[in-house]
Structure formats: C-alpha cells, structure tokens
Amino acid sequence: MNNQMHGFVAAENAPLHDMDLARSSGAANLIDNCLGNVEGMTILLVCEDPRHGWYDSAAPDRVHRELLARGAAVRRMMVDLPENRPNADVQAAMNEVDRVIFFSRLGDQGRFNWHYTGPLCVMSYALNEAMLEGGYGSLDHLSMHRLKTAIDEVTLGAENIRVTCPLGTYFEGSPSATATSGSDVVIHRFPMGIPQPVLAEGFSGKAVLSHYLTPTGSRIYTPEYLPLRDPVTAHFEASRITGFSGPADLVAAVEAHYERVARDFGLDGYNIDSWHAGIHPLMSYDQPAALDPLRWSGTAFQHPRLLHFHTCGSGPPGEICWMILDPTIEVDGIALWERGQLHPERFAATRRVLDGDPALAAAFRAPAGPVGVEPAPAAPAFSPAASTPAGSFPADSFPADPATSSQGA
Ligand SMILES: [Fe+2]
C-alpha cells in the first residue's frame, strides 16, 4: 500500500447525521463557482490527515455536506504528506470519479505541471473551517477570477514594473517575456489569490530576503527551510542570481542551501523563474509563521503583503521561495501595490471589477488580516497579564530552527 495514504473512506451518499445542515457560504462558493452543477456526479475529496497540522476535517465536512445537498455522491480518502512522486492510490481513486477536490498538499505539488490524469481538480488553500467560511473562502470566487484576469492585463501589458520593499528590495524591468512565454497554474485554485507569475527574465536588481527560505510546495527535501535571523540580499540580472550579500555566516548558509537543493534534484540552482504578489483582500494567516514556516509560505502567499519569488531550477515553481514583505509594485509609475496594500481602484481594468462587485470593493477597504510575521504587539504599560489582541497573535520574534521546530511538515 502506498504510504502516502493510510485510510480510505468510501462515503458515497453517506448521510452526515452529526452535521448541521445550515448552508455554508464558503463551501457553496467553492462548489458552485469551481465545479458548477454537480447533480448526479461523483466527487472525490482528497483530505490530508489533520494530525500534520495544515488541514482540519471540518472544512471538507462542510463541502461534503453541500455536495450531498446538491445531489452529488461523495467519496473521501485521507492522505499523508506528499512525496517526490505522484500518489498512485489517489490516481486510482480519481479514475473512478467525475471531479476531485484536494484538501491536501498533494494538489499543490503539480500545479504548474499536473502529474495526475482524469477529472477536473480543485486545490483548496482554505485549510480549515475558519478560512473556508470566513471572508477568505466566502468572497465571490468569480469576482476574484475577474480581478486576477484584470491584474494580469494591467501588469503583463505594462512597459515597466518597479518593485521595492521597506528592507531595500529594488528591482525593475519589463514583463514582456511573460506575455509571450510565461506559464500559469494548470489546476483550479480556491480561493483565487495570485495573478499569473511574472517571469524574472527582463528584470534586474536586488531582493532583500527575510524570515525564511522555504520550499515551493513542489518537491520534498531536508532541511525543509532555512531561517534567516537577519536579512540577506540576493542580487540578480534577468533570471540569474549573481550573488548574495549580508552577514557572512548567513550568506554561506544560503549558498550551501542552494547548492544542496540544486544538487539533490540536478537543478540550475541560481536560476529565477518568476515572482508574484498576493491579491486576496481577505487572506488572513492564522498562526505565527515560526510555528510552521512551510505552512506559512505555502498559504500566506495569497496575502497582498507578500511578494513571492520562485527560484532554484528552470521552470515554475522552482524549489526555493523568497518571501518579500510589504512590497510596493509600480506599474508604469503607478503603485498597484503600495507597502503591501493592493490598490485595484488605481487602474481602469481592475476598477471595473470593483465596480461590478460592491462586496469585493468593500473587502479592499477593510483592514488587512494577519500575515504571520506581524511585529510584536505593544505591551500595555501596567498590565502584567497582557493578552493577545483579537485577530492577532504574538510575533515570531525569531525564526525557528528547522531542526527544533515542533511542527515541521
Ligand atoms: Fe508561487
């Protein structure tokens, strides 16, 4: 038996007696706007074991119930962590159904180069019930798709894009190569939280790396991530990393990390494929990044406060991510992102999308949710029992060492 799967539940048409039958807007948003009419279909839910700390069981339960209410049959299988090969049991189960929803990292692995065959698949980045049923999962998926398309139109049609960040990132160039040879994700993603990646070809400058170097969700390797106690600057010309600068020990660690990952998979380590920034106005990351840097980088990248690079290897998504906090992205001189805040009202194409959906426009006026690396909340002057403010949490004051992290994926 494939050890990526330790349980299979054939729950076709099984009643979920213990579930409340109230409608759930996030689950309905996923089903209706990703799958359409499912009446008479058989849907497979590929569910990652909650003990791994990424997904819960309540989110797929919600979707399960909504599918039954729409006249679909449901099969569920529980899977373990991804490996560096497709999961044969998942493929076998997929062969027997009409549609598939992944509440599992397995669905993210081949997002640019799908390694399963068969039915239409949806990958859920809503990891748990709170994410699915909160604003992140409930904001109209079709509106987010329209926004994504409009942002692609604005950015990929630009002559010049310049990116900066508070730590000193500065790179600029032309996105013209992306329009002719760029690639986008090939599976359906829910929620929709990023535009088409912009190819690094045509851009030069420097990116100041902080917090962690993390995997891209593609291949599995050890150590899984590299903590950066201080920023390290990556210098690049077009799609080539030309060097790193910063504290000598960290530069050496970064270089060794690149060499190891590149050697393990036979990659061109110093190649940069592309970058993108988050576009979902209600993305809210629910725990400090330090608890699990892989979960953070694999989920919070849809937050507008994060810009994310795909590096190490030719072709998306590469194997090592850079995460840039609070980017300003100027598109032909107008900041579409300004210090981590997306401003779709500043361009005609994106403004039209806001005009067509007041709820989306309102979402962009709401305060941004936590991104996982907030600064420490200020302690009250005379309260020894200071509590964490609602909607926030104590900062990850120092990146965790992967060797001692308690929740490595
Ligand atoms: Fe990405």
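User: How many helices and strands are there in the protein?

Analyst: This is a predicted model, and the protein has 12 helices and 18 strands in it. Of its 409 residues, 48% count as buried.

User: How do you know that the length of helix H9 agrees with what its residues should span?

Analyst: Helix H9 covers residues 248–265, and its 18 residues, at 1.5 Å a residue, should span 26 Å; because the C-alpha atoms at its ends are 26 Å apart, the two values agree.

User: What makes Val254, Tyr258 and Val261 count as buried?

Analyst: A residue is called buried if 20 or more other C-beta atoms lie within 10 Å of its own, and in H9 Val254, Tyr258 and Val261 are in that class. Seen down the axis of H9, the buried residues fall within an arc of 75°, so they line one face of the helix.

User: Which strands do the buried residues of H9 pack against, and which residues are exposed on the other side?

Analyst: The buried residues pack against strands E10 (203–213), E11 (226–237), E12 (240–245) and E15 (320–325), whereas Ala248, Asp249, Ala252, Ala256, Glu259 and Arg263 are exposed on the other side of the helix. Just after H9, Gly266 has a positive phi of about 65°.

User: Why are E11 and E12 called paired strands?

Analyst: Pairing requires at least two bridges between two strands, and E11 and E12, which run antiparallel, are joined by five; therefore they count as a pair. Thr233 stands opposite Ser245 in E12. The two strands form a hairpin with two residues between them, and Ala238 in the turn takes a positive phi of about 55°.

Terms used. Residues numbered from 1 in each chain as written. Predicted model: local features only at pLDDT ≥ 70, side-chain atom pairs only at ≥ 80, totals over all residues. Helix = DSSP H or I, 4+ residues; strand = E, 2+ residues; numbered from the N terminus. Expected span 1.5 Å × (residues − 1). Buried ≥ 20, exposed ≤ 12 C-beta atoms within 10 Å, placed from the backbone. Arc of directions from axis to C-beta. Contact = placed C-beta atoms within 7 Å.
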